[in-house]
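Biologist: I am new to reading structures, and I would like to learn on this one. Please start with a pair of helices.

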Amino acid sequence: MWVINNRKLFYIFSGILILISFMSLIIWGLKPGVDFTGGTLIEVAYPSGLPDQAKVVLALSTIDSAVSVRQSGDNEYIVRMKAINENEHAVVTKALSLDGSASPVEKTFDSIGPILGAEALRKSYISIFLVILGIVLYITFAFRKVSQPVSSWKYGLVAVIALIHDVIIPTGLFSILGHFASYEVDTLFITALLVILGFSVHDTIVVFDRVRENLKNANTNKPFGEIVGESISQTFTRSINTSLTTLIALVVLYFVGGATTQHFTLALIVGIAVGTYSSIFIGSPLLVTIERWKNNK
Amino acid sequence: MFKHRAKAVYLLLIAIIIGYFSYATQFPDNWLGFHPFRLGLDLSGGSHLVYKADVSKLASGDISTSMNALRDVVERRVNIFGVSEPLVQTQENAALSDKENAYRLIVELPGVTDVQEASRSIGATPILEFKLVTAAQMKSFQASSTQSTIGTTTAEQDAAYLAMFKPTGLTGRMVARATLQFNQTTNQPAVGLNFTSEGRDLFAKITKEHIGDYIGIFLDGKPISVPVVRDAILDGKAEISGGFTNDNNEASKLVRDLNYGALPVPITLISTQTIGPSLGAVAVNGGIRAGIIAFILISIFLIVWYRLPGFVAVVALGIYTALMLALFKLIPVTLTAAGIAGFIITIGMAVDANILIFERMKEELHRGRGIWDAMHEGFARAWTSIRDSNISSIITGVILYYFGSSSVVTGFALVFIVGVLVSMFTAITASRLFLYAVAPQRQTKLSMFLISNGFRKLKV
């Protein structure tokens with residue numbers, strides 16, 4: 001099977017992607033959204049014409065000297081500043097109108113206190129950890145009767161390596177996009193990561209399930225690598241097709257679904273594409289690699 | 001065969017009725033009643049406010065009753081604005097935060113975008129306090145000052161006057177009921193107070209120990225009345241007179257606030273989200289369009305690749321959509337932009353089980369089984385991988401639901417979980433029924449073409 005025979009090539013390809021992701025994460029890091037850092041995000045439109053950006057910044061700098069004002073669309077600004085209370089909000093509203101000379105419309109106003117931000121971050125870490133743990137435990141349980149020649153917890157381990165692969169690449173992409181296009185990492189992004197985790201394990205399970213079945217039926221002399229290779233080629237079409245239908249839905253959503261969920265959808269598209277790739281080209285070949293290691297010892 | 005067809009027709013009819021229900025109830029004035037989709041604030045426009053409740057002064061045992069009382073009070077205040085379907089709920093995060101930050105009050109006001117006004121009305125706490133000044137202190141103050149009341153003297157004198165008063169611990173929290181009364185001789189408005197048992201005991205103690213001293217009754221930090229204690233008051237009743245202007249608005253407002261308003265727990269606003277109504281409409285239209293286009297594209301793919309079974313999967317997907325929409329109304333699920341996205345993603349995922357089954361069927365056909373055998377085997381053998389992958393989705397969904405830090409995330413998670421469960425029914429049970437109903441009986445070139453899929457040709 002060409003996937004198994006060329007597995008080093010796929011390892012190298014994934015290795016490069018992961019390396020790039022790590023480099024970007026180390027150099028540029030991620031741009032956390034206000035729901036993690038706490039702070040205020042105001043989307044303000046000026047239907048009768050956008051006032052000068054510098055003037056808006058100047059007016060707002062009395063409240064927060066580190067205010068950031070970015071243009072979005074033809075007549076909108078996105079304002080970012082520290083978390084503010086109701087009284088400060090009134091001052092901000094007045095500042096945005098440049099003391100009455102412009103007529104702003106606040107389309108959205110989000111102000112999140114730092115306590116909530118820290119809590120959202122903590123919850124995100126916990127949920128990522130729990131999802132990974134839950135999936136490993138489940139796979140270990142579901143494959144508990146498969147112990148030859150690779151024991152069941154190793155299926156779980158390989159699934160997790162594939163999962164980490166699937167999560168690091170979109171995170172790296174968002175780090176790069178964060179640097180060049182100010183993409184932010186918010187709670188929706190974490191949700192996307194968790195959905196990627198849940199989804200990409202699907203394809204991995206489909207292949208593993210076939211390996212499990214083929215091991216049961218095969219005669220004992222057949223090399224493990226061959227059984228895994230057969231399992232991959234038998235499940236190849238369905239792995240691609242199941243992801244394809246989901247990707248169709250996601251791509252449509254990306255282009256038609258509106259701006260609110262666009263970054264969320266992008267993270268999902270990348271994650272699910274990478275996840276399908278990893279379950280065919282990384283996950284199952286890794287089983288063979290692990291089995292070889294064991295035999296060489 | 002006939003039995004399968006009859007069942008399939010029933011199922012189809014039920015699905016059509018459910019679909020009709022989802023559609024018809026979207027409009028007012030129909031015989032099924034008006035049950036539109038419940039849209040989240042991000043789609044309908046409105047405000048989402050999160051308050052931190054300061055429970056540090058409460059005993060652990062009192063926290064939950066106080067939080068419930070807080071919710072009731074805020075609910076009454078919110079109802080005064082006439083907002084339709086406001087949401088007021090308390091939230092406890094004891095597991096994840098220290099006690100100080102664990103208790104929250106969440107207020108959602110659909111349609112209200114002037115948060116400043118709203119939060120002022122919600123957070124306004126008329127703080128009623130009883131403070132003491134000894135007779136000796138008052139005497140020496142009056143001797144040194146030209147005026148004995150606040151407002152008519154200099155700021156320094158005001159501050160000195162207020163500084164004399166010492167808190168007693170008796171507050172508006174211990175008022176069980178307030179009534180509006182009128183002095184019989186002067187016809188001046190007055191506020192009658194009935195203390196709770198705790199308040200009665202405290203008030204009795206204070207008045208017993210301080211006969212001759214002054215009790216300052218403070219509203220929001222300002223003294224409204226400073227009577228002399230003439231006798232111990234043991235029955236837990238008090239009257240605040242004087243300080244109110246003749247038009248009795250002020251007194252009746254105090255009565256209302258004390259009865260309905262006084263917040264049992266102090267709260268501070270820690271998060272505000274306001275979404276203008278125009279943004280939501282764009283998201284809803286985009287979501288609907290995306291859903292329809294995704295459905296059509298997925299259907300084309302299924303029919304082109306999987307032919308007759310593919311068509312069956314499309315019918316099953318139609319039933320999935322009808323069931324989901326009806327469930328959104330019946331549960332009811334509050335739809336957010338992320339929830340709609342979640343629904344569209346599940347449309348793509350709902351057919352996964354179909355694909356697994358049909359691929360398995362093809363394999364069995366390749367092995368030379370007959371059409372019916374292959375169908376049975378396809379459903380039976382695909383089951384383990386469908387089960388395993390759906391359980392991993394549900395694990396993800398449940399964790400997301402419980403640890404989701406915002407309504408955006410939990411809204412997505414709920415749709416996701418319901419979607420996985422419903423799709424297991426439509427992609428397995430419903431698809432099987434339909435496929436058995438329409439599967440060709442004889443093995444001809446045409447029937448093998450219809451039941452097969454992909455590019456590789458099957459031998460007949």
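Modeller: Gladly! The axes of helix α2 (residues 7–27) of chain A and α10(A) come within 10 Å and cross at roughly 120°. Keep in mind that this is a predicted model, in which local features need pLDDT of at least 70, side-chain atom pairs count only at pLDDT 80 or more, and totals for chains, interfaces and linings use all residues. As for names, residues are numbered from 1 along each chain as its sequence is written, while chains are lettered from A and ligands numbered from 1 in the order in which they are written.

Biologist: What do the helix names and the axes stand for?

Modeller: Helices (H or I, at least four residues) and strands (E, at least two) are DSSP runs, numbered from the N terminus. Axes are lines fitted to C-alpha atoms, for helices over the stretch in contact, and angles run from 0 to 180 degrees between N-to-C directions.

Biologist: How do I put the angle between α2(A) and α10(A) into words?

Modeller: Angles under 35 degrees count as roughly parallel, over 145 as roughly antiparallel, 65 to 115 as roughly perpendicular and the rest as oblique. That is why α2(A) and α10(A) are called oblique to each other. The crossing of α2(A) past α10(A) is left-handed, a word used if the near helix is turned anticlockwise from the far one by less than a right angle, with right-handed for clockwise.

Biologist: Which residues of α2(A) and α10(A) meet?

Modeller: From α2(A) come A:R7, A:F10 and A:S14, which meet A:S278, A:F281, A:I282, A:P285 and A:T289 of α10(A). Two residues are in contact if their C-beta atoms, placed from the backbone, lie within 7 Å. This contact of α2(A) with α10(A) has four nonpolar, three polar and one charged residues; here Ala, Val, Leu, Ile, Met, Phe, Trp, Tyr, Cys and Pro count as nonpolar, Asp, Glu, Lys and Arg as charged, and the others, Gly among them, as polar.

Biologist: At what angle do α9(A) and α10(A) pack?

Modeller: Two packed helices are described by the angle between their axes and the distance between the axes. For α9(A) and α10(A) the angle is about 180° and the axes are 10 Å apart, and therefore these helices are roughly antiparallel. Their contact has 18 nonpolar, 10 polar and one charged residues.

Biologist: Now the two chains. How many residues does each chain give to the contact?

Modeller: Chain A gives 59 residues and chain B gives 65 residues. On the side of chain A that touches chain B, α6(A) gives the most, with 14 residues. That side divides into 27 nonpolar, 22 polar and 10 charged residues.

Biologist: How do α9(A) and α11(B) cross?

Modeller: The axes of α9(A) and helix α11 (residues 337–350) of chain B come within 7 Å and cross at roughly 150°, which means that α9(A) is roughly antiparallel to α11(B). The crossing is right-handed. Residues making this contact include A:I248 and A:L250 of α9(A), and B:I344 and B:I347 of α11(B). By class, nine are nonpolar, three polar and none charged.

Biologist: What is the order of strands in the eight-stranded sheet?

Modeller: Two strands pair if DSSP finds at least two bridges between them. The open sheet runs β2(A)-β3(A)-β1(A)-β4(A)-β12(B)-β2(B)-β4(B)-β3(B), with antiparallel pairing. Its edge strands, β2 (68–72) of chain A and β3 (87–92) of chain B, each pair on one side only. Within chain A, seven bridges join β1 (residues 39–45) to β4(A), and A:I42 has A:F109 as its bridge partner in β4(A). Between the chains, β4(A) and strand β12 (residues 267–275) of chain B pair in the antiparallel sense over five bridges; there, A:D110 has B:Q273 as its bridge partner.

Biologist: Where is chain A divided into domains?

Modeller: Domain bounds come from an automatic or database domain assignment. Domain 1 of chain A is 2–33 + 116–296, and domain 2 is 39–112. Their C-alpha centres lie 41 Å apart.

Biologist: Which backbone angles deserve a look?

Modeller: Most residues other than glycine have a negative phi, and most peptide bonds are trans. A:S182 has a positive phi, near 50°, and lies in the loop between α7 (152–181) and α8 of chain A. The peptide bond from B:I331 to B:P332 is cis, with omega near -15°. B:P332 is found in the loop between α10 (277–330) and β13 (334–335) of chain B.
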